[in-house]
Structure formats: C-alpha cells, structure tokens
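I opened this notebook to record what I looked up, entry by entry. The sequence and the structure come first.

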Amino acid sequence: MRLRRLLARFQSSRRSALRSTGAAAALAASLLVLPQAPAMAQQRPLVWGDNLPATLDPHAIFDVPSQFILLNVYDGLYRYQGNPPKLVPWLAESHTTSEDGLVWEFRLRPGITFHDGSAMTAEDVVYSFRRLLAMNRAPAAAFRPVLKPEDVTAVDERTVRFVLSTPYAPFLAAVPLVAIVNPRVIQPHVQNDDWGNAWLAANEAGSGAYRIDPESYRPRNALDLERFAGHFMGWGHNQKPIDQVRVRPVLETSTRVLALLRGEIDSTDSYLPTDQVERVDRNPRTRVAKDESMRVFILRMNNAKPPFDNRDARLCFAYAFNYQGFNEVILKGLVVRNAGPNPNNLWGNPDDLQPYPFDLAKAKEHCDRARAAGAPIGREIEIHVQSELEQTVQAAQMFQADLRRVGVKLKIVPSTWATITGSTGRPESTPDMWVHWVSAYFIDPENWIGQTYDSRFHGTWKASAWYRNPQVDELLAKARIALDQAEREKLYAEATRLVVADSPDIWVYNTVNLRGLSKRVQGYSFSPVGSGGELRTMWLQD
Amino acid sequence: MARYVLRRVLLTLPALFGLILLSFVLTRVVPADPAATLAGDAATPAQLAEIRARYGLDRPLWEQAVVHVGQVLTGNLGSSIFSGRPVVEEIALRLPATLELTFAALFLSAVLGISLGLVAALNHNGPLDHLVRLLSVGGLAIASFWLAIMLQLVFSMDLDVLPLRGRIDVALGPPPHVTGLFLLDSLIAGRLDLFVDSARHLVLPAVTLCLPGLATIARFTRSGVLEALQKDFVLYARAAGYSPFRLATVYVLRNAVTVTVTQIGLLFGALISGAVAVEAIFDWPGLGTYAVQAILSADYKALLAVTLVVGVVYAVVNVVVDVVQALIDPRVAEQAL
C-alpha cells in the first residue's frame, strides 16, 4: 500500500523524466534534418573506393592494391597497357639485348622529372634496382635469382646496363614491377640501413602522374592524390584530367556497394561479387566494368601427400568438380572456364587444350582405381579456405557435396591467406587442399606455370602442389632461358600439355574483373596489371 | 581516497603484464608466417630464412617472448612488419576514432539506459515497463552487424537522411588535427559545419554499438531503483516533503546506480570489442578495422600493440569507474581498504 502511494507520487516525476527524454529525441531528430554541409561549388573529387596496400613503399610489397601506387605515383622503365596487355616503353624509350641474353641496356627518355623537380638520370634507376634487391621483399623475388646489385650500372646519364648471371627470358616482362624512386628525397630519411623504408611507407619519391599528400595518409584507410602537371608523358591524351583524387577504401563489401549506389564513392574494387552486378548495373548512376583479366582460380592438391601422390586420385578430384555449376550458376557466368594453369588469354597454351569436364562416373572410376592401388581415398581430406573470401568457401562447399557422391569425405577448414601461405614451406605442413587465385604480377607464363609447377620453386606458396615431373622441369627451365619467342611458346605449350595430363591441381576459371563505377567516371581503361586503376586516362563527366 | 586510487592502479599492473605475455604467446602459436607474405610469390626457402632471421622470427618462442616483453616495458611496441612504421604511430592515428565512437555509444547507453531503467521501475509492471523490457531483450538479442546493415538501408539508402559510412564527408575533409576526436577538433577550429557533419556520421554507428549496453544498463537500473524504492530512507525522504523529482533523482537513483556504474566499466570492454564489427560495416577508421587488417596479414606486432592499447584503455576506464563509484558511495572505498 505504502509503495503504491509512493509510486503514485512518482507519476509526476515520471512525466518530467519523459519530458527530458522527449527533448533528447528532438535534439537527435534535429540532427537528422539539419542540412548537410553546403554543396561544394567546384566538382566533387574522384573518390576511389578500392583497397590501399599495407605500405606505400613500392619496393616493399607486391600485391594487387600496391599496383595502384606503382602505376599512379611511380613510373617504371616499361609498362603494361591495354587488354590483352602490351608491354610499351615508358621511362625508357628503347632497350637492347646482347645475343647471349645476359646484357640488357635501357635508354631513358630525355627530360623526365621527379615530383620534386629534379631530373631523373640512369643513376636513379641504378639506385632503385639496388634498393629493391637489398631490401629483398616481394617485388625483388623475380630478380634475385638472376641479378646482383653490383651488376646494375649506369653507362651514361641516360643508359642503364643490367648484366644477368644466367639468361632469363621473362626479365623484360618483370621490369614493370620496379618503380624508379628518387634517391635525393629518400636518403635524408634513411635509418639503420633501412633504405628509407620506414619513411617511404607513408611518403613518396616518385615521378608518376599523381603525387600524394602525405598529410592525408591514414594507412589502408585514406590517401589524397593530386595531379602532377609535369609528368613526362604530358597530358595531351586527356582533355579534362582529374586534379584531385581521394582514395577511401571501404572494407565491407555490402557497404562498398551501397556507398557506390549512393554516390559516396566513384569506384569499388575490381572484384564485385557476381550477385551484386545486376543491382549496380540497374542503378541509373552506376555501371559495372567487366573485363577479362589474367587471374586463375585454382583448387590446390598436395601431390606429396597420399592420396594425391596417385594420379588416379587427382583425376578423380578433377572430374568431380562441377565447373559449369560453379561458373554459370554460382558466379552467374561472369567468369571464363580455364583449362590449365595459364590464363586462356595468354600465349603459351596448346591450341587443342581441353578442360576437364564434370563427370562423376569418370571420377568414380578413377577413385576406384586409386583405391585399388592402395591410395587412402577413404581418409578425411582437408580443404583450407580463405574465410574472408566467400568464393573460396562456396567452391569448397559445392565440392564437398559432389565428392560425397563418389564416397570421398572433404572437411572444410576456415583459414586466412597468411596462415595458409605460412604453412606451405614444407610438404608435411602444407594442407591437403587449398583454394586461391594466381594473379597477374607480370605477363609471362613464368608467372603461372613456371613458378607453380617447376620443382625448383618448392617451398613457395605458388608451388605448394609439390608437383614434380623432371620432363616438365626441363621444359620450363629451357623456356626460362630461351630468347626466341616462338621457341618459348612451343616449350610452354608442351609443358602445359604434360601438366594438365598429370592433373596436379584443379583449374576452374579465369577471372572477369568486375568493377562498380559511377557513370561520371569516363576514360576508364583496363589492363590485367593494375586492374584498371591507372588514373591518368580518366576524367569526370559533369 | 588517495590510498584507494593508488591501490586500484597498482592492482592493474600485474594484469597488464599478464596481458602482454599471454597475447604474445597466443599470437605466435598460430602458424601464420609473416615472412611468406613479406617475401612474395617466388621467394626461395633461402630468402624466407633470411627474412625470418632479420625479424627474429627464427629464434625460439621463449626468446622472442623475452625480447618482446623487454621492448614493451621500455615503451617500444615495435614496427609493423609490413609498413615498417612504428605501430604506435599507426595506432595513434586510429585510436581517437575508436574512442570517439566508443564514448559516444557509452554516453548513449548510460543516458538512455538509466532514463529508461528509471522510467520502467517507476512504472513497475505497467505498459512502459513492458516496453522497456522488450527493448532490453531485443537490444541484447539483435546481432550488431544485422542492425548496422538495416540502419544503413533505412536511414541512408531509403530515407537518405544520414551518411552511410566514414567519419566525415570526403569533400569536406577532416578538421585540423588536435585531439583526433572530430567533434572536439571541429569545435576547437570553430567549424560548425564540420561538427554537424561528423555528428551526423557518428549517429548510426553509435546507435548500433550502444544498443546491447543500453539494454544492460536499463535492466540494472530498473532493478536497482525497484530495490531502493523499498528502503526506509525513501519513505523518510518522502515524509520530509521532498519533491518527487528530487526524491527520484537524488535519493533513489544515487543509491540505485552504484551497480550500474560497475556495469559501465565492464561494458566499455564489450563496446571496444563490439566496435570491430560496427567499425567494419560503417567503415569507421578505428582500431577494430586496423586489428582485422593486422590479423589477415599476420602483422603480429600490430596485433599485439592493439591488444595492449585496448587493455590499457580498459584498465584506465575501470580505475576511473572504481573512483567514480567511490565518489558516489564512499562506503565502497572504505570497504576496499
């Protein structure tokens, strides 16, 4: 009773509490209806929503996001342009090769300046290659086996000479990986022999079409670029180049798509999920750029571990994957079936190469044969997927269901790129199977079949099938040093035929890059290297 | 009181030391190998070995642990294995964003949670009470990533009244850096337009993040108030003729919220960890997204530093909560000593 009376007395206080809650709600509502910041009088800058690399130092990392920095902030001696990619002279106007393929000389164009206004000389190219080799990080991997720092020299102010320790045909194809940096800007910031790596991680020393504003830089989160009017290629090709670019990566796919639809960003990354393509295409102010790239989706098998040391077991798995179901239904036909390790649209593939079909009867036949030969087909096979990349999970789930029909148990193990590649150093720690893509780092079969199936690369993640075929090793070694293009094509075609017959892995498709773009972005030009991120050709429609 | 504060501070030190050691062991027993990612595609085993040696990754785990603890104790959190930059610098760029979001969510949770809890208790078993109960169960049950996407779809895409992502409009750019808290920095710079814009960006992530906390606080406040209403001193205060508002806010609430304040301290930890998903969806450039990127690239120095910074912030907030609790109810400090 006493409590009830007391509560009655509180009714009025409750009203006052409600009043204050109401006031807070009104305040919140006013925030909703307050006008947005006044619209900018000048054109809204291009907002690029693709990912940023972990570091801005072009010699420290090599992945798809780092190509954006490489292509826009820096220049290389040669550059890939267009699709299919063509190697064109860039900082260099030409090059010569000695008959034995060991000595390469590059002649720089005259009048190239870095962003600080200083002239680029052959010594700067020498410094850049020596820095790359000394730091020995990802982009150096293609050069370390054949090039020593002291063998890069300046012949004169505009000529650089490379003397390789052994002939290496893909050398020119790999040259665009190397950004030429300005030593005069870097050297004051060198600490503990780090070649200025800590400083260059958040700054730049380039000559590229755009320069960065270091103040704006928030690692992997924000970077502002400004057009460099003095770029050596000039701007005659583009009447209305974009002066200001804001790179604002969006981490979550759903947010990235919504941000594009809403006009908060002008570009997504180039791997838009296939189920979002229609939605983006339907929106009146956005579109999807679809370009066949060179990036092969692959299910790896550890050939050093039973049952995959048995060819019939591997063939059983190759026939049990529902390629059409995955490519046409799950990925809505926005990929291209790929028969072997090299992308379809690259040279060096045999003309008559046939992809494995989905055929469960054949799969069963091979599995039975493998079982009869003592291969432990019945054991639980683990497939490691990259959890953050949904397609790897979808492929494994579909495969799991189909393999069950031929009596194979597949266990899906969620993992990450770093964890999986950390385990591929030894055959026993390498997963039974795993799923990934092989991207276009440089346009040469060496980037695909060469580094993936030559046993000299065992211990690297690319060679994690632990495939060993002396005949293939020999063909690939020959192709690596042959200087005649026709001969190389023949050698790679032969090696590809052998590898596909051995079925060391399961090659599923070649990627069609899907980039959501705002329709105001014009002049977008795609190349498999850089995935269309080169800004110098773009302009904005009002 | 000073002794009480000192005691609370000293008690957190062993906990932090344990955190340093445990987080190191947990991060390093995962088989991820940063050297493999660093060296790139075609690196030979010899190159990998060289990189492992350069970063000390080839030494026994206990030796790496000793080196790590030694570095941390001297204030050196190391450099990101990828960017090569000191992780302290990278975290300093990210921490203010997380703090702004977390404190905004904490503020909303506390103000709304306490108000709703009070209203519910005063309306015991009435319709408002049921409504608040429904809200608290819902608030705890709804997954934040789902709520975040729903709020984006409704308020950004359909109604178009709030921004979808980020901390500030790209064309405006951030206010001049002072504290890194955009609301505060825009006021310091005297830029009302930036203040409004950052507040608008803060609304959806803060509302998403605050909901579970709000529900918890509302429930604790409600039960605390109901209990306090039964006490004799409330009857006495009423008899002494205090106004109902004063009675509710000063006499009842002050006695009821000590438990709630403890909850706020604990909530802070939940908010910071909950911020990982919320930051990712709203593209909020805080520590959560940084930690996710560090995990994906096996950048263990960055990951360890984030763990430690969050641990320190959590410890500091809890010391502050303990002190606030002692200020509200001095008996707490007396009992502790």
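Two strands count as paired if DSSP finds at least two bridges between them. Helices (H or I, at least four residues) and strands (E, at least two) are DSSP runs, numbered from the N terminus.

**Ground rules.** I noted that this is a predicted model, in which local features need pLDDT of at least 70, side-chain atom pairs count only at pLDDT 80 or more, and totals for chains, interfaces and linings use all residues. Residues are numbered from 1 along each chain as its sequence is written, chains are lettered from A and ligands numbered from 1 in the order in which they are written, and side-chain values use heavy atoms, with hydrogens and water left out.

**Sheet in chain A.** I looked up the pairing of strand S9 (residues 222-227) and strand S10 (residues 244-247) of chain A: they run antiparallel over four bridges. Leu223(A) has Val247(A) of S10(A) opposite. Both strands belong to an open sheet of four, ordered S1-S10-S9-S8 (chain A), with mixed pairing. At the edges I found strand S1 (46-48) and strand S8 (210-218) of chain A; each has a single partner strand, so one side of each lacks a neighbour in the sheet. From one strand to the next the twist averages 25°, with axes being lines fitted to C-alpha atoms and angles running from 0 to 180 degrees between N-to-C directions.

**Confidence in chain A.** I checked pLDDT, the predictor's confidence in each residue, from 0 to 100. The mean for chain A is 91, and 92% of its residues reach 70 or more. Helix H1 (residues 2-33) of chain A has the lowest confidence, a mean of 48, while strand S7 (residues 159-163) of chain A has the highest, 98. I noted that pLDDT is below 50 over residues 1-21 of chain A. Residues 35-41 of chain A also stay under 50. Where pLDDT is low, the predicted coordinates should not be read in detail.

**Helix H3 of chain B.** Which residues of helix H3 (residues 45-54) of chain B are buried? I found Gln47(B), Leu48(B) and Ile51(B); buried means under 20% relative accessible area with a 1.4 Å probe, protein chains only. Helix H2 (34-39) of chain B is included in what covers them. Just after H3(B), Gly56(B) has a positive phi of about 70°.

**Thr221(B).** I located Thr221(B) in helix H9 (residues 192-229) of chain B. Thr221(B) counts as buried because its relative accessibility is 0%. Beyond its neighbours within four places in sequence, its contacts (heavy atoms within 4.5 Å) include Gly113(B), Leu118(B) and Thr260(B).

Key. Buried < 20%, exposed > 50% of the residue type's maximum accessible area, 1.4 Å probe, protein only.
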